Amino acid sequence: AGKNVFYYDSTDSTNLRIREAGDAGAPHGTLAVADRQTAGRGRRGRTWESPAGSSIYMSVLLRPEFKPDRASMLTLVMACSVAQGIMDCEAVDVQIKWPNDIIINGKKLVGILTEMSSQIDYINHVTVGVGINVNMTEFPEEIAETATSLRLECGHPVKRAPLIAAVMRRLEENYETFLETEDLSGLMEIYSSMLVNRGRDVLILGTKEQYQAHALGISPEGELIVRRQDGTEERICAGEVSVRGV
Ligand code: BTN
């Protein structure tokens, strides 16, 4: 992965650039990186603050050799890779907040947005976009309490290029493992060891119900396994609920 790289000083969204490249037939592993985004996208229709010079905005094109209904697992493969890549470069301990966020000292450091193109005319491809707060020292008011950057956590500025390379190296390795096992069982130990809230009580906020449960781990299919207070186990799909620590 990462042999085919597009670099932009400024673009609307690297996820859009990769979707376009994918539609035009670009190979698996194509990478788009921008210094700044003018229309950075977050999950649930939110925007992703994307100023110049201080962060990593990257998107990778994946052409999975399986039905794209399992695309949500690719988010977990990426989350693992980003967490490992960061720890390869810096002496920090990061955790994964299932399914999409990377957390450091309780604050959000990385967001991941997976989007897929599944029009019948095209070969399906998946865009996995990653935003890493690298050298930001100030955040918009709405997220000032909940966001952090590597610079703030490590106490020194962090170079972006080696970090991107480390993430891509880990992604290549993990994707290989993922294809071999065809599920997340091969990555489970790594993923679980970084899972925030594992072994703790969490609040599950679904559309239909809310309840407190005990987070047990991740299934080979990438669901969060929890134990309800009545002792029954539940497997939760990403996208259906949000999870809060209590
Ligand atoms: C989230 O809401 O947590 C996901 C944020 C994902 C942001 C990244 S930055 C690179 C890529 N391009 C985008 O427009 N979004 C993703």
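Tutor: A residue counts as buried if 20 or more other C-beta atoms lie within 10 Å of its own. Keep that cut-off in mind; the model here is a predicted one.

Student: How many residues of β7 are buried?

Tutor: The strand is mostly covered, with 9 of its 9 residues buried.

Student: Which residues of β7 point one way, and which the other?

Tutor: Start with the general idea. In a regular strand, side chains alternate between the two faces of the sheet. Here H125, T127, G129, G131 and N133 point one way from β7, while V126, V128, V130 and I132 point the other way. Both sets are buried.

Student: In which sense does β7 pair with β3 and with β6?

Tutor: β3 and β7 pair in the antiparallel sense over 8 bridges, and M58 stands opposite V130 of β7. The pairing of β6 with β7 is antiparallel too, over 8 bridges. There, G111 is opposite G131 in β7.

Student: Which residues are closest to the ligand?

Tutor: The ligand is surrounded by 20 residues, and the closest are S13, G42, G111, G129 and G131. The elements that contribute two or more residues to this shell are α1 (14-23), β3 (55-62), β6 (107-117) and β7 (125-133).

Student: How many residues of the shell are nonpolar, polar and charged?

Tutor: The shell around the ligand has 6 nonpolar, 11 polar and 3 charged residues.

Student: What is the strand order in the open sheet of 5 strands?

Tutor: The order is β11-β10-β9-β8-β12, with antiparallel pairing. β11 (233-236) and β12 (242-245) are at the edges with a single partner strand each, so one side of each has no neighbour in the sheet. On average, neighbouring strands of this sheet are turned by 45° against each other, direction ignored.

Student: How many bridges join β8 and β9?

Tutor: Strand β8 (residues 201-205) and strand β9 (residues 210-218) pair in the antiparallel sense over 5 bridges. Within this pair, D201 stands opposite H214 in β9.

Student: At what angle do helices α2 and α4 cross?

Tutor: The axes of α2 (residues 71-89) and α4 (residues 160-181) cross at roughly 135° and come within 8 Å. To name such an angle, note that those over 145 degrees count as roughly antiparallel and 65 to 115 as roughly perpendicular. α2 and α4 are therefore oblique to each other.

Student: Is the crossing of α2 and α4 left-handed or right-handed?

Tutor: α2 passes α4 in a right-handed crossing.

Methods
Residues numbered from 1 in each chain as written. Predicted model: local features only at pLDDT ≥ 70, side-chain atom pairs only at ≥ 80, totals over all residues. Near = placed C-beta within 6 Å. Helix = DSSP H or I, 4+ residues; strand = E, 2+ residues; numbered from the N terminus. Nonpolar A, V, L, I, M, F, W, Y, C, P; charged D, E, K, R; others polar. Buried ≥ 20, exposed ≤ 12 C-beta atoms within 10 Å, placed from the backbone. Pairing = 2+ DSSP bridges. Axes fitted to C-alpha atoms, helices over the stretch in contact; angles between N-to-C directions. Parallel < 35°, antiparallel > 145°, perpendicular 65-115°, else oblique. Left-handed = near helix turned anticlockwise from the far one by under 90°.
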